[in-house]
Amino acid sequence: MAPAGDREGYWGRTTSTLDWCEENYAVTWYIAEFWNTVSNLIMIIPPIFGAIQSIRDGLEKRYIASYLALTVVGMGSWCFHMTLKYEMQLLDELPMIYSCCIFVYCMFECFKIKNSVNYHLLFTLVLFSLIVTTVYLKVKEPVFHQVMYGMLVFTLVLRSIYIVTWVYPWLRGLGYTSLGIFLLGFLLWNVDNIFCHPLRNFRKKVPPIIGVTTQFHAWWHILTGLGSYLHILFSIYTRTLYLRSRPKVKFIFGIWPVILFEPLRKH
């Protein structure tokens, strides 16, 4: 975490329970952590287009919700890192729990008839979200949030491994790419936390353009944003295969992946 004593800026004194390694208000007086803020664009813009495409393709609402939930996480994280206010921190961290619950629901319902609703799983995930929210608002302990989030991610990992091992082995490339990118982001998140002091000292000695590349919390946003987006594609791919469609991944401008598929047939 960041050392105490960072300068104050437009948003005043820091009230969040976390302050990351990026130097506060170093780039502009109006944004506390500039690179940690703008790096959230990858979680805001692409999922919006994904949601629009899902509506056009007639996908089930839970996939539209998945894309929009990722956008909400990105917007909350933007507000948190821009202000370092406790209220904005909650706007970042709690949607992380809610979005993962949506992802879990999608992954465990991918082999059901179209437009079915699993009320038992839905109730369990809503209850889990309410309990985590209530406890976190009371204890205000970031480690509790991180453990709860980690549990959900671990559940997604196990489910994904089951699918690519026993159901659709040819999806290993997409599934493991999503997982690998996310884990790389998690690794850099830890590097940023553990080696904050050396990283800050290094940035003082090198040109700014080089120092920016060591903003590893920003890289966490970029990599986990991409990993989460790819996970949604993986979930949609699995679902549309089960519904006897023919999905395929296409790269826009040779860079950004999207899913295209033929109209769904009746199952």
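Q: How many residues does helix H7 have, and how far does H7 reach from its first C-alpha to its last?

A: H7 has 23 residues and reaches 32 Å between those two atoms, close to the 33 Å expected at 1.5 Å a residue. The expected span of a helix is 1.5 Å times one less than its number of residues. Helices (H or I, at least four residues) and strands (E, at least two) are DSSP runs, numbered from the N terminus. This is a predicted model, in which local features need pLDDT of at least 70, side-chain atom pairs count only at pLDDT 80 or more, and totals for chains, interfaces and linings use all residues. Residues are numbered from 1 along each chain as its sequence is written, and side-chain values use heavy atoms, with hydrogens and water left out.

Q: Which residues of H7 are buried, and what covers them?

A: Buried means under 20% relative accessible area, exposed over 50%, and partly exposed in between (1.4 Å probe, protein chains only). In H7 the buried residues are Leu 174, Gly 175, Ser 178, Ile 181, Phe 182, Gly 185, Leu 188, Trp 189, Asp 192 and Asn 193. Their cover includes H6, helix H8 (196-205), H10 and S1.

Q: How is helix H6 to be read, and which of its residues are buried?

A: An α-helix has 3.6 residues a turn, so residues three or four places apart point the same way. In H6, the buried residues include His 145, Met 148, Tyr 149, Leu 152, Val 153, Leu 156 and Val 157. H6 (residues 142-167) has 26 residues and reaches 37 Å from its first C-alpha to its last, close to the 38 Å expected. Helix H4 (86-108), helix H5 (119-139), helix H7 (172-194) and H10 are among the elements that cover its buried residues. At the start of H6, a side-chain oxygen of Glu 141 comes within 3.1 Å of the backbone nitrogen of Val 143.

Q: Which residues does the UniProt annotation "transmembrane region" cover?

A: UniProt positions are given in the numbering used here, feature names are shortened, and annotations may be inferred rather than shown by experiment. The unreviewed entry places this annotation on residues 34-52, 64-84, 96-112, 119-137, 143-162, 174-191 and 218-238. Residues 143-162 are 100% helix and 0% strand, with their end C-alpha atoms 28 Å apart. For residues 34-52 the figures are 89% helix and 0% strand, with 29 Å between the end C-alpha atoms.

Q: Where in the model do the residues of the UniProt annotation "binding site" lie?

A: The annotation, from an unreviewed entry, covers His 81, His 217 and His 221. They span 141 residues in sequence, yet no two of their C-alpha atoms are more than 11.3 Å apart, so they gather at one spot. The lining of the largest pocket includes His 81, His 217 and His 221. On a 1 Å grid over the protein atoms alone, a pocket is an open set of points where a 1.4 Å probe fits, with protein on both sides within 12 Å along at least five of seven lines; lining residues have an atom within 4 Å of a point.

Q: Are His 81 and His 221 buried or exposed?

A: His 81 lies in helix H3 (residues 61-83) and is buried, with a relative accessible area of 1%. His 221 belongs to helix H10 (residues 216-242) and is buried at 2% relative accessibility. Contact means heavy atoms within 4.5 Å. Not counting residues up to four places away in sequence, His 81 touches residues including Trp 20, Glu 33, Asp 92, His 217 and His 221. With such neighbours again set aside, the contacts of His 221 include Asn 36, Ser 39, Met 43, Ser 77 and His 81.

Q: How many residues of H10 are buried?

A: The count is 22 of the 27 residues, so H10 is largely enclosed by the rest of the structure. H10 reaches 38 Å from its first C-alpha to its last, close to the 39 Å expected. Ser 235 is found in H10 and is buried, with a relative accessible area of 3%. Tyr 63, Cys 106 and Met 107 are touched by Ser 235, not counting residues up to four places away in sequence. Arg 244, which follows H10, has a positive phi near 65°.

Q: In what sense do strands S1 and S2 pair?

A: Two strands pair if DSSP finds at least two bridges between them. Strand S1 (residues 248-252) and strand S2 (residues 256-260) pair in the antiparallel sense over five bridges. Val 249 stands opposite Ile 259 in S2. Three residues lie between the strands of this hairpin, where Phe 253 takes a positive phi near 55°.

Methods:
A polar contact is a pair of N or O atoms within 3.5 Å; within protein, one must be able to donate a hydrogen and the other to accept it, and residues adjacent in sequence count only if both atoms are side-chain atoms.
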